[in-house]
Structure formats: C-alpha cells, structure tokens
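Okay, thanks for coming, everyone. Let me put the chain up on the screen and then walk you through a few spots.

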Amino acid sequence: MSSPFISFLTKSFYAKMIAVMLAVSILPLIVLSVISVSVSSTTVKSQVNRLNAQLVNQVVDRIELTMTRFRELSGQYSAIPSIQDALVAPSAKYYEDVVRKKDLITVLGTASAVIGNVEGLQVYSAITGEVLSSDEAPSPLEDSPYKLIVERFLESGANNQFIDKSDTAAMGMQDNSSYYVSRLPIEPYEELKGVLVISMSNDEYLRQIENIQLGSKGAISLLAENGDTIATTSRLGGEEDAARIAHILQRWREAGQPNQFAMDASIISIKMTSTYDRWIVVSEIPSGELNRSADIIRKTVTYFLLVLILVGVLSVILFGYQLYKPLQAIKRQVTAFKKGRFEVRDAKFANNEIGELGRMLNTMAVRIQELLDNLQESEDLKRRLEIRALQSQINPHFMYNTLNTIRMFAMLKDYGKINEVMGRLVSMLRYSMENFDQNVPLKQELDYARDYVELLNTRYKCRLNLLFDVDPTLENLEIPKLSLQPLIENSVFHGILPMKRESGLVSVKVKRIPDDGGIEMVVADDGVGIEEGELEKLRLHLLREQLGDNIGLLNVWLRLRLHFGKAAQFELHSVPGRGLRIRFLLPADAIHVKEADHHEQN
C-alpha cells in the first residue's frame, strides 16, 4: 500500500509548486500589504464600519419601536367600549345600529388623527360582515378594499399578523401600505368577534430614513423579508435598484448573513429586525468615496499580486496539467451535485484512481437522480390530491342554502322538518370534518350521499330519487372518504336540474365482477348527458390529470387510483338527453372489505 502512495508523491508536482508560489508570490505580497495598505486604510475602514453599524442599529430601533407601537395600539383600542359595542348582533332598532356605527367611526377617525403617522384604522365585524373605517364609508367585506387582508388573517388562525408589501403583492394587491392585523377581542381564549386593521403608508418609513446622507452613491434601504423594497434613499431607477438589492442579499446569504461585509466597491451593513415583521435594513457606503487616498497603494499591490499569481499559475499549469485536468472534472461534478444538478456527468476519465472515483460519482449521480424523481412524483401527486380533496368539502353555498331552508321551516313552525334537516346536516358536518385521508366503509358513504340528496330535496321542486343497488357483502368495502358525493353532485347540478323536470334519478351500483373477482362501481343519472365531443375531452382530462370544470370527478378518480393502484380503470358513457354513466373498475387484489363487528351486525 505504501509503495503506490510513495510513487504517487514522486510523480506529483503540486507540493513543490505550492511551495514555490508561497515563497515567490504570496509571502512577499503579504509583507507588502501589511506595510502599505493596512496603514492607510485599516483605520478608515474600521471607523466607517463602526459608524455604518451604528446607523443600521438606529434605523432598526426605529422600525422595532414602530412595530411595538402597533401592537400596543392594537391592545389599547381593542378594549375601547365603542369597538366592543359595535361587535354585536344587529339591533332590532335601526337607530341604535346607526348610532353604534357612528360612534365607532368617530373613535377610529379620532384615533387615526391623534396617532398621526398611521394611515387609517379599520374594524371588521365577524357578526355583521361589515368593515368600518376611519377614512371610508361602512361597507360589506366583499366590497371593502381590505377584503383580502381580513380573509388572509382569518385563514391564518393567528392572534395577530403583520402584512407588508411582499404579502400584498402575493395576494394580487397593488398596495403601498403595511398592515398590523389583530383579533377582537385580543385574548385568544375568547370567541373571535372581529378584526382590527391598522394601516401605515410605506412613505412614512421613507420619511424616517430620507435625511440620512451616505454620499452620492450610498443608500439605505428598508426591505421586506423576501427582498421587496419598502423604502429607500437610492437614486437608482426601480429595476436597477431592485437588481442592486438582490445582488447584496445574495452575497449576504452566501457569506452566512454577517452584520457587515465588503462587496465590490462598497461596505455593506445589514441587520434584520427581531420583531414579527422580520424586515431587513441595508446600508451601502461606496468604499471608493472614503478610501481614495489609499487607492494608489492598493492598485500597486494589486498589480504586483496579479503578476506574481500569473507566474505561479503558469508554473502550476505547466508542471501539473496531467493531474489538474481530471481533478477539475471531478470538482465540476461535485459543484453541480451541490447545486442539485445530477444530470452533469463526465464520461472521459483516465484508467487510474481518479478515473475510478469519477466513474463512482457518475453511478452515484444516476441513483440519486432516480430517487429524487420518484420522491418528486410522489410529493406532486400528494400535493395535488390534498388541494383537490379540500375542494370536495361542503361548500359555503350549500351550507348557506341549507341554513336558509331551516330558517324557512322555522318561520313556518314546522319543527318536524327542522329536526329532520338539522339531523342530516349535523351528520354530514360530523362526517366531512373528520380526517380526509382515512378510508371509510361503503355504507357510510351511502348514508352521507342519502343525507346530501334529502337536503337537496328540501330546496328544489325537482324530486331527486337516489337508488342504491349494492351487494350486501360489499357494504364494508373500504373506499376513500367522500368518493360518491362529488359524483352525485355533478349528476344533480349538471345533469338533472338543467332538465327542469319534476323528478330525476341518480343510481349507485356496486357489484362484484364474476370473471376476475374485481368490483364494478357505477354512478348514473337520467339527466341531459354529454355530447360525444365533450365526453372525449373529459376522458382526456382525466387521463392527463388536467384540472378543469370537473374538479370533483378528477378528484375522485385520482384518489381511487391512489387507493386501488394503477390497475384501476374508469369508463364514461353518455347519450345526450338520457344521462351520464360513470363506471369504475377496481382490481381484486387491492380490495379490502372490513369485517363488521358484533354490534354493527346486531
């Protein structure tokens, strides 16, 4: 083992050439740099760094003080009686509601004027659905410019949230303001009654930094966490300044996010606020404006450095080329692997130890790429299924119409109907709000579908008849939850109701296939049907997994195939004017029928 290693050392020129470069170029250059550059520039640079860091800290303190003030204001104003009084159900007397709203608007306007640098205060009532503002007339949430802000906050489930330019841009809002949003009441253990929105124009942040002078080319910028500019003193154009900021942030992250670093011809100081806004303050001072006296010495040293490095590099290339080339090829591969580019491979390797290492890297890259492709495919499928599964939940329109039906029966004092409708609605809600990924027995899906159709019958004149033809031995067949309801919903709303008849039929058939032991699941209706051209497009969408108007059908098909495997099949048959027939063929080896316990059998 020692003999090959010694032979390798005797044939290698790198040890000798590195020693030559250190002796000829690096060591004299270090001595020259210490004597010349350090004396002229070290003191100036350290002073500039210190002042620049102090400046950034002061700006960060201002921003954090503003954010803390937002939080304090939110706590103070959430306890004001006028706001608390407005977060109640509408009064039977119109005059009392008007007075409450007027008092709240007056309080919001006064608060906005007293605070001074706040753009406005808004209160959203979760009970009435209205938004009351210090600078706008009361309006429903749907018509309010703060609709997306309020909805984003309610979806987050947080007690408070800071929304800046990067968030509003992601929501499609062309807005130049930042928002602090908190729940009303502020205590998390109390029931949410509304939302308080405090808005502040980004121009206010610009006023806090516009008087800071950093030279003709220097600038201080206030950025959102993703790099969007909130305020800046830069004199560059919008796109040019955005490129400058992106370059600074890239270098900052590559360097490990230091507080200070040198970039190109500038000294950069960066600090991120510690409050919930997570904004970034960037200060750039061109070092050329401060260190011109040391430029001549620095350039002289640089010229000598380049000459000496050139001599050393030529020597290394001349004597070590045969070793340098394969090492560089391996280095390129490793660099590409670090960036996730596993398709980069070099097929030209010599028949030696380095060549063997290169071929091993190629083999490893192929295997890693295969594993990544499989993982990406699984994650993409899972993500699509999760999104589409959520779209299959009970939609708000169905809930609203059902509650309106209950209200109608309440007005008619038909308590029997109220009890029946409420019972079915509660059963559906309890069933649909459980964990969506679980599989359920077929009979539970049938009961859910029956409740759904009966609730529709309370709303529409057309009598919807639901017919089940299910093999009794398959009642406990495990299928993905909410597999039947989306299909029945499509049959009702796209097939039967457009016919405007007095009644319609939806049939569900689940039988074993005698030949191979598989299962046939069929959902059919007697509605308007689909023309052959449109039916063929629908088949292609399902095969290609393209999201279109038939979200429910695609969702059901994807989840059935995920549960029963790729051997599962579907068929679509339709005769215009006579209805649509959807048929799923489930393979026998993927079928699991859960045995009913003793209680269920009794």
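So, of the 602 residues in this chain, 40% are buried, where buried means under 20% relative accessible area with a 1.4 Å probe, counting protein chains only. Keep in mind this is a predicted model: local features need pLDDT of at least 70, side-chain atom pairs need 80 or more, and totals for chains, interfaces and linings use all residues. Residues are numbered from 1 along each chain as its sequence is written, and side-chain values use heavy atoms, with hydrogens and water left out.

We get 18 helices and 18 strands; those are DSSP runs, H or I for at least four residues and E for at least two, numbered from the N terminus.

Now the sheet. Six strands form an open, antiparallel sheet in the order β3-β2-β1-β6-β5-β4, and strands count as paired if DSSP finds at least two bridges between them. At the edges sit β3 (139-140) and β4 (160-163), each pairing on one side only. β5 (177-184) and β6 (194-201) run antiparallel, joined by eight bridges, and Val181 faces Val197 of β6.

Last stop, Leu477, in the loop between β13 (463-470) and β14 (478-480). Is Leu477 buried or exposed? Buried, at a relative accessible area of 1%. Leaving out residues up to four places away in sequence, Leu477 touches Val440, Pro441, Leu442, Ile519, Ile591, His592 and Val593, contact being heavy atoms within 4.5 Å. And look at Lys594: 117 residues along the chain from Leu477, yet their C-alpha atoms are 6.2 Å apart.

Note on methods:
Buried means under 20% relative accessible area, exposed over 50%, partly exposed in between (1.4 Å probe, protein chains only).
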